[in-house]
Amino acid sequence: MELVDNKLKERTARLSVISNTVLVILKLVVGFYTGAVSIISEAAHSAVDLLAAMIAFYAVSKADLPPDENHAYGHGKIENLSGAIEAVLIIVAAIWIVYEAGAKLTGNYVPEFLEYGIVVMILSMVANYWVSSQLYKVAKQTGSHALEADALHLRADIWTSAGVLVGLLIIKITGLAWIDPVIGILVAGVVFKAGYGMTKKSLYELTDVSLPLEEEQLIINVINSHTEVISFHKLRTRRSGSRRLIDMHLILFKDMHLNKAHMVCDQIEAEIKEQLQYCDVVIHIEPCDYHEDIGACPLNE
């Protein structure tokens, strides 16, 4: 099952690379031909998306490699690292767009042949909507952080393309050339916001922040549903790429047969994986003799 998902992630990431390559070329050609900074800024945005897609493709192809001698927990952090790199690239692109737009705003120029730019923006919006939908679908199915980040890039590109499209239409109708760099600066604002959100999320996961409260509550509910478990403590959770790493200490009756204790742990592990999909669950068993939270262990089961 995981092998199939890995292949699906790689195919989807490859689709994003191809789509972004085509869009970057189209936007650059039309942008320089028309002289519209808003189109060139969109080309820069798509170039960042392309680099992000390439990083995502590399990440999903490497993150699911099995554990080895130097990576006992696998290679999932590659996905988290790729998300952080993509976020930084987005912020750099936003700063570059503001610089270019500012130069055009203080200059004296009028973009030409805007109908070509209008067509390219429409094509870009349609292509990015379809590709990002595929990325989100597979990211949700496989829990891939890299594909989710790539999808976020493309969704941001849809809105910025829409803004550029509106600006080009207004310039075409009114002839107000200053609208073009203003739209470029607004695009930069949207791009920067997306980059900031991604940076925050990626850094959290790289620093081993715990799973969301709702996911930890699912784990607790599974544990509490087993009457054989007297109590638990030291529940620790974190994320590595698309996998969730979970460990805990379970308190079981001291006279419980080892086979039964092992069976209880297997059932808990299976139910957690059913709830959260891609997980590594480690359970440490403690025999109940006396515990400060629950007192003396009952003599009988």
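Guide: Two strands pair if DSSP finds at least two bridges between them. Strands (E, at least two residues) and helices (H or I, at least four) are DSSP runs, numbered from the N terminus. This is a predicted model, in which local features need pLDDT of at least 70, side-chain atom pairs count only at pLDDT 80 or more, and totals for chains, interfaces and linings use all residues. Residues are numbered from 1 along each chain as its sequence is written, and side-chain values use heavy atoms, without hydrogens and water.

Visitor: In which sense do β1 and β2 pair, and over how many bridges?
Guide: β1 and β2 (residues 243-253) are antiparallel, with nine bridges.

Visitor: What is the strand order of the open sheet?
Guide: The order is β1-β2-β3, with mixed pairing. β1 (229-240) and β3 (279-288) are the edge strands, each pairing on one side only.

Visitor: Is Cys279 buried or exposed?
Guide: Cys279 counts as buried because its relative accessibility is 2%; buried means under 20% relative accessible area, exposed over 50% and partly exposed in between (1.4 Å probe, protein chains only). Cys265 is also buried, at 9%.

Visitor: How many disulfides are there?
Guide: The count is zero, where a disulfide is a pair of cysteine sulfur atoms within 2.5 Å.
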